[in-house]
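Please look over the sequence and the model shown here.

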Amino acid sequence: MTDLKYDVAGIGNALVDVIADADDKFLTANGIEKGSMTLIDDKRADDLYGRMGQAVEMSGGSCANTIAGLASLGGKGAFFGKVKRDQLGDVFMHDIAALGADFPAKPATAGAPTGRCLILVTPDAQRSMNTFLGAAQKLGPDDIDEATIRAAAITYMEGYLWDQPDAKQAFLKAAKIAHDAGRLVSLTLSDSFCVDRYREEFRRLAKDEVDLLFANEAEILSLYQTDVFDDALQKVRADCKFAALTRSEAGAVIVADGEVHVVDADKVSKVVDTTGAGDLFAAGFLYGLTRGKDPVTCGRLGAMAAAEVISHYGPRPQVSLAKLAKEKGLA
């Protein structure tokens, strides 16, 4: 369509990631649930930051990582998220602009500071996230620009946003604009603990509002309250036209118009940090979909992008994914 300006318009929490190594003892001593995302307040954020070891700080946030991956593949994205006009907020906005992505939401000039996510990575490469949302939780319907949503082939939202009532309304507003314009709507479930909190709402969303659902194995099992992956797979087949379910080293299972496709994981010599794996899988898959690729090729692009990001610290690619895709014959 000639009126498309963006491949993906993402809606998510605008956060700066602070990433440090830790062992299981540290997690236990500080009451951190391994492998999960926990919302914390500013006091807890300051206390935990003081206890963390040497850290790497970079712009993050689940959906923003997906937009970064999309840009690395050569796609054009826009991102809706809320930051404050402060040091971390300026860094975040600079990083989004440097990707070539648009950032339509205006920064706040008062209130809570820009949000951050304190990520502890254990030797098994599991990441445990402690998130102070700060200004990110102030994203609301007024921050959604209708023209941007209408000009995007796919509107994509992270499930983490469902913790904030105003953000829910922002997504529902964007979904209606997208569908009215004949565009696709996509959701990533983000975290099994997030699914536990909003299971019935997510199930209604998957059935009624979402064209493409992303989830990892733990999240889809939680959504359908089963311990058997094949049971969850059959239920998501009934609910969604498209679903992309990631299973770590076991690869991914793609549901497309009732058909099921299995995609192998890309091999990596060493898994360093799984932060951003699901975000980058979504980036590859969405990029492929906007280029008219078949479901298996979309899945392979996702697997390639995820493999690149788990081979180093941080949730964003360090090499050109477009070049990798060309080398693998996926471009």
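Predicted model: local features only at pLDDT ≥ 70, side-chain atom pairs only at ≥ 80, totals over all residues.

Helix α3 covers residues 62-73. At 1.5 Å a residue, its 12 residues should span 16 Å. The end C-alpha atoms lie 17 Å apart, which agrees.

How many residues of α3 are buried? The count is 11 of the 12, so the helix is largely enclosed by the rest of the structure. Buried here means under 20% relative accessible area. Among the buried residues are S62, C63 and A64 at one end and S72 and L73 at the other. N65, T66, I67, A68, G69 and L70 are buried too.

**Strand β7**

Strand β7, residues 127-134, is mostly covered: 8 of its 8 residues are buried. In a regular strand the side chains alternate between the two faces of the sheet. In β7, R127, M129, T131 and L133 point one way. S128, N130, F132 and G134 point the other way. Residues of both sets are buried.

| Partner of β7 | Residues | Sense | Bridges |
|---|---|---|---|
| β3 | 37-39 | parallel | 3 bridges |
| β6 | 114-121 | antiparallel | 7 bridges |

I119 stands opposite M129 in β7. T131 and M129 belong to the set that points one way from β7.

The hairpin of β6 and β7 has 5 residues between the strands. There, A125 takes a positive phi near 75 degrees.

Note on methods
Residues numbered from 1 in each chain as written. Heavy atoms only, no water. Helix = DSSP H or I, 4+ residues; strand = E, 2+ residues; numbered from the N terminus. Expected span 1.5 Å × (residues − 1). Buried < 20%, exposed > 50% of the residue type's maximum accessible area, 1.4 Å probe, protein only. Pairing = 2+ DSSP bridges.
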